[in-house]
Amino acid sequence: MESKMSNNSAGATQPARKYVPPHLRAQERSPSVPPAVGASSPMPGAFTRTPSNSSFAGRPSKPPSSLPPRTRRPDGYGKWLDGIHIPAPRNERLELDLFGEPGDPFKQSTGINFDKYADIPVEAKGHNVPEPIIEFTNPPIDPHLLENIKFARYTTPTPVQKYSVPIIGQGCDLMACAQTGSGKTGGFLFPILSECFKNGPVQTPPANPSKYSTKVYPTALILAPTRELVNQIHEEAKKFAYRSWVKPAVVYGGAPSGEQMRQLDRGCDLLSAAPGRLCDFIDRGKISLANVKYLVLDEADRMLDMGFEPQIRRIVQGCDMPSVEDRQTLLFSATFPREIQLLAGDFLKNEIFLSVGRVGSTSENITQTVEWAEDFEKKSVLLDILEGHMEPESNNRTLIFVETKRMADILCDFLLQNNLRATAIHGDRDQREREYALNTFKMGYNPLMVATAVAARGLDIPHVSLVVNYDLPSDIDDYVHRIGRTGRAGNTGHAISFFNQNNLNIVRGLVEILREAKQEIPIFLEQSLQQASVFGGRGRGRGGSRGRGMSSRGGGSGFGSPFRRTASSWDSPSNSTSFSHDSPAYWIQKS
DNA sequence: AAAAAAT
């Protein structure tokens, strides 16, 4: 922000500076080495100033006939011509949009523990595992990507990136497991874009000029389980594809498909998509997967579990997607239950298995506590916690997870009635409401957000210093992802979970996670652990599912009935009626 | 039992 101030004041004293309309700014020559974005103090207004001796002023009045007249605003994307990558000129406004200013308070910045990532043990198994990279450097990373990485102010690759870049670069399939907030998105975007920049587009069938709307043939397809996550990946893709020939596009439900259609018409080389809308566009002949070279499943375990698997199979095996042999498949997640790892084999060939730390463990940057709270007292305990945590002028955000959409609304209303700035996100809200909730939360206008599972995975929201599990999930992997909304990129964070008799189904996994992360384990959890084991509680997720690296733990098949019991079926009667205590009349939204 | 994902 300081540089912006000096920029403005310097600009005011510069009589030579003229306004240049946005569509002409791109004509300016750019220096070959980019200064840090926004760090323009040595040369204020470098991109908008038009000195009289510039190439612009001396340009012939008529453009060379080989160039078609410009018909639309430059979009910041370059070309691939005769085997050569021709990046678009730089564009100051676009750079500010994409990368923000240095020290932008709304951006995630790496935290004090970033360097500790180097201490996490990494396991890479498979044939011909290449040496990891150590830094972002030209071989092997394409120089254009290096420039964009610099713009984004990424200085050091995270462990998953150090390995994924050479692995994907040498053409291998990959199953990568790395902790929440440890840079998985870069882990697939960097190598994919780097290779794309080096190799150019795959040959695309000629467009049919008679058709009003053309079919698009993305080179890379990235699938993710929620619309917001898909959108977030797309935003990252835009950063790292800046000025290149690779045009990112995004496709998901709940938003007008016409707009997405027009966006696709402007070009689509790297597509981020939610499964439903993608299928829709494939059916309508708008998207072909015939040219896909890279297929990414982000949150891969989620994408391959019961709810999504049929859709994914349809996209991967039932459309015109190249076969396993003819594409590269990349699976990323922080958790990977063993039976899903097995299932994933259908989509991979000769994959390299990469794990950073233990599969499914949590970051030690997150301080985890568990508090005993009966359902009826959760609301007041929450208020106490928030009072202690949300100092007025702090930049903190708190994310509160509940199990049901209805409870998300109820709790949000409760917080609002207590004069707290809260919002809610869940699948029953329309997409505009969801995006509004997420944006106001990100901006800090609403520093509290109540959420269902829709916000549990992947979302990278700066300044979430506290995650509250108002209701604990029944699956330990969900717990891992939820608390992973804090303590990202080397920042520290807190997670507080409300625990009571209804949560015995997660106690084993929870204790295991807390132990691994060297967290304190309350006495009541130890006791509940014994209680739960009487009922044969299976602990970690579905059947002790976590891989220990590549090495199988053998034994436990974990294919019993997935839900042998539910909390209510063995609850004491007094607890099963707790709902009526939970919601005194004045808290309930009468329907 | 719940949530998510197409209209």
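Buried means under 20% relative accessible area, exposed over 50%, and partly exposed in between, with a 1.4 Å probe and protein chains only. This is a predicted model, in which local features need pLDDT of at least 70 and side-chain atom pairs count only at pLDDT 80 or more, while totals for chains, interfaces and linings use all residues. Residues are numbered from 1 along each chain as its sequence is written, and side-chain values use heavy atoms, with hydrogens and water left out.

**Exercise 1.** State which residues of helix α16 are buried.

*Solution.* Step 1: α16 spans residues 476-483; helices are DSSP runs (H or I, at least four residues), numbered from the N terminus. Step 2: seven of its eight residues are buried. Step 3: these are Ile476, Asp477, Tyr479, Val480, His481, Arg482 and Ile483. For chain A, 53% of the 591 residues count as buried.

**Exercise 2.** Describe how helices α5 and α6 pack.

*Solution.* Step 1: two packed helices are described by the angle between their axes and the distance between the axes. Step 2: the axes of α5 (residues 159-169) and α6 (residues 184-199) come within 8 Å and cross at roughly 30°; axes are lines fitted to C-alpha atoms over the stretch in contact, with angles from 0 to 180 degrees between N-to-C directions. Step 3: the contact (heavy atoms within 4.5 Å) involves residues including Val160, Ser164, Val165 and Ile168 of α5, and Phe188, Phe190 and Pro191 of α6.

**Exercise 3.** Determine what share of chain A contacts between residues at least 6 apart in sequence joins residues at least 24 apart.

Definitions and conventions
Chains lettered and ligands numbered in written order. Helix = DSSP H or I, 4+ residues; strand = E, 2+ residues; numbered from the N terminus.
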